[in-house]
Amino acid sequence: MAGASPITPARAAAAGGPGGSELLEAKLGLAEFLVASDNPKETAYRSLEWLAEYGELRRGVCLTFDAESGRLGGLAAVGVDPAAVERFTIEPDDHGSRILSLALGRQTDHFDDTRAGSPATPLGRGRYLAVPLSGRIGRETVPTGLLLLGPPTDVLREMAGWLGGILGHRLARLARLRQALESDRRLRRERMLIDTVPDPIILTDTEGAMLVANTAAHRLFGSVEGESEGRRRAVALNNMLFSSAVPQGGWRSDAQSRELLLVDPQEGSDLLFEIITRSVADAREGTAQVAVLRNVSDLHRATEQIEENYRRVRVAEAEARAERDRLDLIINSVADPIVVSDPGGAIVMMNDPAERIFSVPEGASPETALRVRANDAHFSSFVSNLLFGEGTTRHHGGVSLVDPPSGQALPVEAVSGKVLAEHGELAAIVTVLHDRSEQVEKERLYEELKLATEQLEQRITQATVELAEQNEQLRRSKLELEAASAAKSQFLANMSHEFRTPLNAILGYTSMMLQGITGPVSPALEKNLRRVDSNGRHLLALINDVLDISRIEAGRMPVTLSDFELPGLIREVLAELEPIITRSRLSVRSELPRRMPALTSDRPKVKQIVLNLVNNAIKFTPSGSVVVSTSFDARRKETAVSVTDTGIGIDPEDQERIFEDFRQADNSPAREYGGAGLGLAICRRLADILDGRLELRSRPGQGSTFSLVLPRKPRRR
């Protein structure tokens with residue numbers, strides 16, 4: 001286009017393109033191709049291929065204006081789906097179209113198609129170089145189209161600028177050539193049309209001179225080389241008579257008719273014509289007249305005969321149309337496909353259900369068309385059994401057909417019958433097809449249902465027997481479990497009572513000896529007595545835990561609700577554990593907010609849970625710290641007491657197991673930490689009794705956080 005700087009060899013080499021001589025040869029080759037080609041689509045496609053080879057083009061499309069409609073549409077493309085290019089059009093009245101305004105412009109520009117939604121071009125969303133195409137038609141430069149090219153680069157801009165000028169002029173020349181060829185074809189068709197008319201047709205100027213005449217008129221008024229003297233005189237006489245009969249002078253919009261007597265140049269006989277003339281306006285010749293001559297020698301008789309024949313034809317057509325309408329109404333009202341064939345076996349009529357089997361719909365795939373042809377072949381084979389069967393007027397049997405769109409088999413039962421004319425000759429064959437798909441499917445479903453019913457009955461019988469056996473086993477197991485549970489509870493109650501009686505005596509006597517009631521105690525003996533007292537109290541705690549588990553399982557754990565403050569309870573727990581905290585040499589502290597709402601719950605049980613959690617945290621933390629904190633979730637109305645330590649942590653696979661009865665994370669006989677494994681189990685069960693929950697977050701080697709979450713007020717009392 002104008003304004004594009006020429007591509008120098010140095011610039012082409014810098015852009016990674018061909019050298020100067022190679023580029024000049026490529027330009028020359030493309031120009032020779034454009035000059036020699038007379039196909040606009042081929043010309044545009046070769047130009048885009050050239051840009052792809054020499055101008056760094058990746059995706060491009062050439063749009064052109066239609067000479068008649070002015071519509072801008074796709075002509076050729078590279079790197080784009082050809083179907084999308086063929087569908088792409090922009091109407092000339094779409095004034096808001098950015099692409100249309102670029103095509104009507106004169107300068108190369110950029111087109112940005114990155115907005116959301118459907119793309120405005122077949123290229124898809126992106127940024128493209130827009131090169132308008134134009135060419136000269138006569139003295140006028142008119143737009144011929146637009147190149148959209150991407151991605152925009154300097155090399156592509158220069159190459160497209162050079163190509164746009166040549167391609168625009170070539171497309172304009174081809175459009176003008178196509179218009180000229182179309183005009184010539186139209187003129188030949190019009191000439192052929194009037195030559196096929198048997199009546200003479202003549203176009204004359206205002207002075208009566210002949211301008212155009214068809215073949216029939218040329219036989220009356222035209223001279224040929226080597227003609228006889230008689231024919232030449234007859235032609236001259238006819239021209240003189242015709243000139244006198246054609247009105248001369250000004251414009252007449254109405255048609256005029258008169259009779260004209262002429263001579264047959266071949267036989268010399270008189271011919272009577274009716275001449276009809278009418279003035280017409282011609283862009284090149286000005287006002288002219290069209291004269292049509294009609295031989296009216298036998299016109300009246302021929303007219304009457306034609307009218308009679310025409311009347312008979314109309315009556316026959318009306319009767320045939322009415323009969324066809326009635327027949328169509330009848331066969332279309334039938335749900336089964338109906339096909340009418342001629343004596344040769346060709347289909348001449350069918351209803352809508354048959355159309356779906358034996359007709360190829362518009363835009364159907366090749367597979368669908370192939371299936372329709374296969375249906376036709378199978379149907380023709382079936383009908384041939386009736387055509388070639390002697391003495392038979394009806395044939396019944398199955399036909400192998402398929403559903404054209406899906407390819408599924410159609411089990412069809414067909415009945416064909418002959419239709420005979422008055423004299424017994426075959427007039428047509430009517431075939432009714434009955435689709436047995438539903439019947440076959442019902443039969444298949446019935447067999448499957450029958451088999452499934454039998455299998456279900458067998459399974460029900462077997463399941464009933466198994467269920468009776470399982471119920472009996474469950475009943476016996478329930479009785480055994482109830483007896484075992486009662487025995488266990490009784491055993492635990494008895495043993496705990498039997499254990500605590502002597503254990504209390506041991507603790508009492510040990511306390512008396514430590515207090516010196518029985519006399520002075522040596523330091524070594526005092527050390528041993530304190531060990532006895534510590535282990536006795538530990539044993540008493542274990543016995544109490546077993547009793548708590550037994551009472552919780554039996555549902556005899558009472559719940560006494562009261563309102564209390566958590567900070568005071570936590571300070572009380574830490575005070576009771578002061579000796580253990582001192583021996584552990586850990587940093588044990590509490591983080592309590594200034595304002596905490598009072599909690600309604602069973603205070604002793606909450607204290608027991610917190611005491612157990614803090615004791616465990618100290619027990620399983622060799623070094624570091626233990627922090628006891630509280631929080632309140634106003635949205636859920638829940639209070640949480642969290643105990644966080646920096647101890648050994650718990651593996652993820654052990655985090656649920658530690659809440660089971662008599663279980664620890666390490667259950668080996670050589671485990672480092674002692675205990676019966678009942679503390680956390682009792683804590684979780686007590687939390688459930690208080691409508692709360694016990695949560696755990698822990699990682700091995702990084703400590704653990706146990707959180708007791710309780711409702712501010714329990715749901716039950």
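Which residues does Asn375 touch, not counting residues up to four places away in sequence? In this predicted model, Asn375 touches Ile357, Phe358, Leu401, Val402 and Pro404, contact meaning heavy atoms within 4.5 Å. Asn375 is found in helix H11 (residues 366–387) and is buried, with a relative accessible area of 1%; buried denotes under 20% relative accessible area with a 1.4 Å probe, protein chains only. A polar atom of the Asn375 side chain lies 3.2 Å from the backbone oxygen of Ile357.

The model is predicted, and local features need pLDDT of at least 70, side-chain atom pairs count only at pLDDT 80 or more, and totals for chains, interfaces and linings use all residues. Residues are numbered from 1 along each chain as its sequence is written, and side-chain values use heavy atoms, with hydrogens and water left out.

The secondary structure of the chain comprises 17 helices and 23 strands, assigned as DSSP runs (helices H or I, at least four residues; strands E, at least two) numbered from the N terminus. Strand S1 (residues 59–65) is joined to the antiparallel strand S6 (residues 140–150) by 6 bridges; Gly145 in S6 is the bridge partner of Thr64.

Of the 717 residues in the chain, 35% are buried. Among contacts with a separation of 6 or more, 54% are between residues 24 or more positions apart.

How values were computed
Buried < 20%, exposed > 50% of the residue type's maximum accessible area, 1.4 Å probe, protein only. Polar contact = N/O pair within 3.5 Å; in protein donor to acceptor, adjacent residues only side chain to side chain. Pairing = 2+ DSSP bridges.
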